Amino acid sequence: MHPSVKTPASVPKWEEFTVTDAPQPAQLDNIKAQLDLILLALEALAGIGSEAMLKAAVDLKIESMVADRVALWRLRQSSPLRKGQGGRKKLDVEEARALVLISCYLAKQNQELIRRAVGLLEQLAEQNRQPHQAALIGDYLDTFCNTYQERMEDGESVSPDTLTHLALKLLIDLLFYSGPGGSRRLWLALLDRSR
């Protein structure tokens with residue numbers, strides 16, 4: 001975990017994003033997987049755990065949807081990428097929106113760290129150097145890849161290059177979701193990717 005200065009996060013409003021066409025069950029499966037990966041990227045970069053996610057739910061006044069560790073675990077375990085079947089539940093649209101709000105709230109709180117990591121990534125790319133050569137990004141990639149392999153069904157079969165590419169893409173995505181209108185941006189991206 002890296003020391004970071006947390007940015008005070010404004011509380012996004014539930015009305016910031018609306019659902020005109022409710023996602024179909026197959027779309028929700030994809031949304032569940034994407035949201036779990038976004039939270040995994042936040043965990044890997046900023047050391048965010050379930051306590052911070054539950055506190056975010058309280059700050060956002062959506063604790064009725066994510067009341068405790070068990071409820072949070074079941075929501076995240078609903079990702080079709082996860083290992084095991086125990087405790088898996090279906091994620092509904094409102095729960096998905098709650099996870100979007102929590103993800104973007106935590107991304108906003110850690111915006112400075114995310115910016116620093118993306119800035120380092122750009123510098124390394126300009127110098128034709130590998131991402132692992134910066135300690136912040138190297139630690140992020142190691143934690144992301146190890147946690148992915150530990151938790152996900154295909155964790156043992158995915159190549160290190162594929163995991164690194166996924167982790168870096170999620171890092172850049174987090175930068176966009178940490179900014180103004182991040183919740184709406186993430187929600188629209190989830191709907192678009194699930195089609």
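Is Arg 185 buried, exposed or partly exposed? I looked this up first, and Arg 185 is partly exposed, with a relative accessible area of 40%. The classes I use are buried for under 20% relative accessible area, exposed for over 50%, and partly exposed in between, with a 1.4 Å probe and protein chains only.

**Ground rules.** I am working on a predicted model, in which local features need pLDDT of at least 70 and side-chain atom pairs count only at pLDDT 80 or more, while totals for chains, interfaces and linings use all residues. I number residues from 1 along each chain as its sequence is written, and side-chain values use heavy atoms, with hydrogens and water left out.

**Entry 1, the whole chain.** I listed the elements and found 8 helices and 0 strands in the protein chain. Read from the N terminus on, the order is α-α-α-α-α-α-α-α. Helices (H or I, at least four residues) and strands (E, at least two) are DSSP runs, numbered from the N terminus. The protein chain has 195 residues, and buried ones make up 49% of them. I then turned to contacts, where contact means heavy atoms within 4.5 Å. Of the contacts between residues at least 6 apart in sequence, 71% join residues at least 24 apart.

I placed Arg 185 in helix α8. Not counting residues up to four places away in sequence, Arg 185 touches Phe 176, Tyr 177 and Pro 180. I also checked a distance: Arg 185 and Val 100 are 85 residues apart in sequence, and their C-alpha atoms are 9.8 Å apart in space.

Ser 178 sits in the loop between α7 (160-177) and α8 (182-193). I looked up its accessibility, and Ser 178 counts as buried because the relative value is 0%. Which residues are in contact with Ser 178, leaving aside its neighbours within four places in sequence? I noted Ala 107, Lys 108, Gln 111 and Ile 114.

I took helix α1 (residues 25-46) and helix α5 (residues 111-126) as a pair; they pack at an angle of about 85 degrees, with their axes 11 Å apart. That angle makes α1 roughly perpendicular to α5. Axes are lines fitted to C-alpha atoms, for helices over the stretch in contact, and angles run from 0 to 180 degrees between N-to-C directions. Angles under 35 degrees count as roughly parallel, over 145 as roughly antiparallel, 65 to 115 as roughly perpendicular and the rest as oblique. Leu 42, Leu 45 and Ala 46 from α1 meet Leu 113, Ile 114 and Ala 117 from α5. I sorted the residues of this contact into 6 nonpolar, no polar and no charged. For the sorting, Ala, Val, Leu, Ile, Met, Phe, Trp, Tyr, Cys and Pro count as nonpolar, Asp, Glu, Lys and Arg as charged, and the others, Gly among them, as polar.

Which residues are buried in helix α2 (residues 50-59)? I found Met 53, Leu 54, Ala 56 and Ala 57. They cover an arc of only 155 degrees around the axis, so they lie on the same side of α2. The arc is that of the directions from the helix axis to the C-beta atoms. I traced what these buried residues pack against: α1, α3 (69-77) and α4 (93-109).

Lys 61 is in the loop between α2 and α3. Its phi is near 60 degrees, a positive value in a residue other than glycine. Lys 61 is exposed, with a relative accessible area of 70%. Glu 63 lies in the loop between α2 and α3. At 36% relative accessibility, I put Glu 63 down as partly exposed. Leaving aside neighbours within four places in sequence, Glu 63 is in contact with Ala 57 and Val 58.

I found Ala 98 in helix α4, and at 0% relative accessibility Ala 98 counts as buried. From Ala 98 to Val 66, 32 residues apart along the chain, the C-alpha separation is 8.0 Å. From Ala 98 to Glu 63, 35 residues apart along the chain, I have 9.1 Å between C-alpha atoms.

I looked at the loop between α5 and α6 (135-151), where Asn 128 has its place. Asn 128 has a positive phi near 55 degrees and is a residue other than glycine. Asn 128 counts as exposed, at 72% relative accessibility.

Cys 104 is buried, with a relative accessible area of 5%, and Cys 145 is buried at 13%. How many disulfides are there? I count a disulfide as a pair of cysteine sulfur atoms within 2.5 Å, and the count comes to 0.
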